[in-house]
Amino acid sequence: MTEPRKPEMKGQNVGIGEYYTGDFVMTSIGLGSCVALILHDRRCKKGAVAHVMLPESNGKMERPGKFADTAVPVLYDELISGGSNKRDIVAKIAGGSSMFKHFKGNLDIGSRNVAAVKSALEKYHIPLVEEDTGGTVGRSVIYYPEDNGKVIIRKADGKCIEF
């Protein structure tokens, strides 16, 4: 397993397959079929973000933020080892678009990513409190851990939502 990445700045962009943990602002831009997985600790006002690209790792552990089945446990473990209590951790997700309307079934990576993230959250008994998933437009996400876990989502069609 790779060493957790520690940010050295106040805010951080979370690139494809990456993850970060802390109390600083985190962004994830250019989400198409990828999913921004956010675990937020409501008591400590900190959290973690992963830019999940694929649903299953198939045993690959070198980039745990890249896959839904490895991102959830690594973010959860980072928060717990940093002093979080599991009852204070909630999840928010955004992304999982179907960027190509003619892709259905196994080729619809966005839907598979969302389903895999939800399955992993259920396995860890982490409540999913907010989501903006699906559709056919891309998104960018800004997460503010110290502002009660506020998330701002900017969509490629110009719409902006907050939860």
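Author: Gladly! From the N terminus on, the elements of the protein chain run β-β-β-β-β-α-β-α-β-β-β-β, where helices (H or I, at least four residues) and strands (E, at least two) are DSSP runs, numbered from the N terminus. This is a predicted model, in which local features need pLDDT of at least 70, side-chain atom pairs count only at pLDDT 80 or more, and totals for chains, interfaces and linings use all residues. Residues are numbered from 1 along each chain as its sequence is written, and side-chain values use heavy atoms, with hydrogens and water left out.

Let us begin with strand β8 (residues 139-144), which pairs with strand β9 (residues 150-155) in the antiparallel sense over six bridges; two strands pair if DSSP finds at least two bridges between them. In this pairing, R139 stands opposite K155 in β9. Five residues lie between the strands of the β8 and β9 hairpin, where N148 takes a positive phi near 55°.

Now follow the chain onward. Strand β9 also runs antiparallel to strand β10 (residues 160-162), and three bridges join them. Here I153 stands opposite I161 in β10. The hairpin of β9 and β10 has four residues between the strands, and G158 there takes a positive phi near 95°.

To place this part in the whole, the protein chain holds two helices and 10 strands. Its C-alpha atoms fill a box of roughly 45 × 35 × 30 Å, taken along the principal axes.
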